[in-house]
Amino acid sequence: MRTALLTTLALIAFAANSLLCRLALRSQAIDPATFSAIRIAAGALILGLLVRLPSGEPPAPGGSSWTSAGLLFLYAAPFSFAYLHLSAGTGALLLFAAVQVTMVLAALARGEHPRPIQWTGLTVAIAGLVYLVLPGLTAPDPVSAFLMLLAGVAWGFYSLRGRSSTTPLAQTAGNFARAVPMAFVLCLVAWPPPPVKASGVLWAVLSGAIASGIGYAIWYTALRHLTTMTAAIVQLAVPILAGAGGVLLLQEELTVRLGLAAVLVLGGIAMAILGRAPAG
């Protein structure tokens with residue numbers, strides 16, 4: 001029950017990132033560059049405090065790196081800019097699909113021999129993504145869709161780099177700290193920013209400190225008691241939670257295109273993940 005509770009809380013936190021970012025940008029309470037900088041800085045602060053707790057992870061030599069920090073930044077910045085014109089559910093679906101497809105393709109590049117069901121699942125998932133972004137009345141903004149896919153690819157490679165870490169929380173804290181100056185350079189490039197409201201700063205802090213920092217801490221605690229396959233499968237809930245939150249909390253429209261694309265993408269990814277299980 002404890003693991004189930006922690007897993008649920010972590011998935012809600014991940015979905016909340018989409019909702020908080022979309023809420024802040026839709027209301028024009030903050031600009032994407034400032035949101036990214038505050039989110040990363042708040043995440044670095046809370047994660048730095050967590051790893052210094054008596055029960056926290058000791059810093060691992062070489063655990064963080066500028067490459068991983070760069071990938072983290074390349075996830076966070078496009079994520080924010082994409083939500084200028086994407087609904088919470090559409091953004092989460094594009095992000096999640098890009099992450100999983102990136103990791104599956106990386107496994108193929110390492111020499112894994114997929115089963116027919118895995119090929120089928122990957123094909124179905126990609127077909128769902130193509131259907132979602134095809135031009136049409138309800139298609140998402142193409143530039144925003146591209147940015148979110150870029151964010152997902154970056155997060156996929158970031159996850160692959162950290163897969164073998166024995167101190168994932170400490171490594172994530174180090175990567176967040178290294179990404180802070182990158183985020184502030186982005187702010188300088190985007191200077192001068194439009195007026196920033198207190199509510200926008202609040203949403204960014206909550207996204208960084210709670211949904212990201214504490215969310216990752218909870219997730220890594222739950223991961224100790226989850227199999228790799230279970231961890232991959234339960235993440236299928238994130239786009240669904242984000243979509244439901246967008247409809248219920250942000251009054252966003254649930255389109256037929258998004259619904260069908262979600263079935264194809266999530267169903268295809270589930271097939272690819274389950275297909276990796278050993279037979280028997």
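**Close-up views of a predicted model**

Gln28 is exposed, with 62% relative accessible area. The structure shown is a predicted model.

**View 1. Gln28, a loop residue with a positive phi.** Gln28 sits in the loop that joins H1 to helix H2 (32-51). Its phi is positive, at about 55°, although Gln28 is not a glycine.

**View 2. Gln251, in the loop between helix H10 and H11.** Helix H10 covers 237-249, and Gln251 belongs to the loop between this helix and H11. Phi of Gln251 is positive, near 55°, and Gln251 is a residue other than glycine. Gln251 counts as exposed, at 61% relative accessibility.

**View 3. An edge-to-face pair of Phe14 and Trp219.** Eight aromatic pairs turn up in a search of the whole structure. In this one, the ring centres of Phe14 and Trp219 are 5.8 Å apart. The ring planes stand at 70°, so the pair is edge-to-face. Phe14 comes from helix H1 (residues 2-26), and Trp219 comes from helix H8 (residues 198-223). The pair therefore ties together parts that are 205 residues apart in sequence. Phe14 and Trp219 are both buried.

**View 4. A stacked pair of Trp155 and Tyr216.** The ring centres of Trp155 and Tyr216 lie 5.8 Å apart. Their planes are at 25°, so these rings are stacked. Trp155 is in helix H6 (residues 142-161), while Tyr216 is in helix H8. The two residues are 61 residues apart, and the pair links distant parts of the chain. Both Trp155 and Tyr216 are buried.

**View 5. A cluster of aromatic rings.** Ring pairs join Phe14, Tyr75, Phe79, Tyr83, Trp155, Tyr158, Phe176, Tyr216 and Trp219 into a cluster. Phe79, one of these, also has a charge over its ring. The charged end of Arg39 sits there, 5.0 Å from the ring centre.

**View 6. Arg257 over the face of Tyr131.** Here Arg257 lies at 5.5 Å from the centre of the Tyr131 ring.

**View 7. Gly213, buried in helix H8.** Gly213 has a relative accessible area of 0% and is buried. Neighbours within four places in sequence aside, Gly213 contacts Ile46, Leu47, Leu50 and Gly208. Ala13 is 200 residues away from Gly213 in sequence. In space, their C-alpha atoms are 9.5 Å apart.

**View 8. Helices H4 and H11 cross at roughly 25°.** Helix H4 spans residues 88-109, and helix H11 spans residues 256-274. Their axes come within 11 Å. The crossing angle makes H4 roughly parallel to H11. The crossing is left-handed. From H4, Gly89, Thr90, Leu93, Phe96, Ala97 and Gln100 make the contact. From H11, the partners are Leu258, Ala261, Ala262, Val265, Leu266, Ile269 and Ile273.

**View 9. Pro116, an exposed residue of helix H5.** Helix H5 runs over residues 116-133 and includes Pro116. Pro116 counts as exposed, at 66% relative accessibility. Gly275 is 159 residues from Pro116 along the chain. The C-alpha atoms of Pro116 and Gly275 are separated by 8.3 Å.

**View 10. A cis peptide bond from Trp191 to Pro192.** Omega of this bond is near -5°. Pro192 lies in the loop between helix H7 (168-189) and H8.

How values were computed:
Residues numbered from 1 in each chain as written. Predicted model: local features only at pLDDT ≥ 70, side-chain atom pairs only at ≥ 80, totals over all residues. Heavy atoms only, no water. Phe/Tyr/Trp six-rings, centres within 6.5 Å; stacked < 30°, edge-to-face > 60°. Helix = DSSP H or I, 4+ residues; strand = E, 2+ residues; numbered from the N terminus. Buried < 20%, exposed > 50% of the residue type's maximum accessible area, 1.4 Å probe, protein only. Lys NZ or Arg CZ within 6 Å of the ring centre and 35° of its normal. Contact = heavy atoms within 4.5 Å. Axes fitted to C-alpha atoms, helices over the stretch in contact; angles between N-to-C directions. Parallel < 35°, antiparallel > 145°, perpendicular 65-115°, else oblique. Left-handed = near helix turned anticlockwise from the far one by under 90°.
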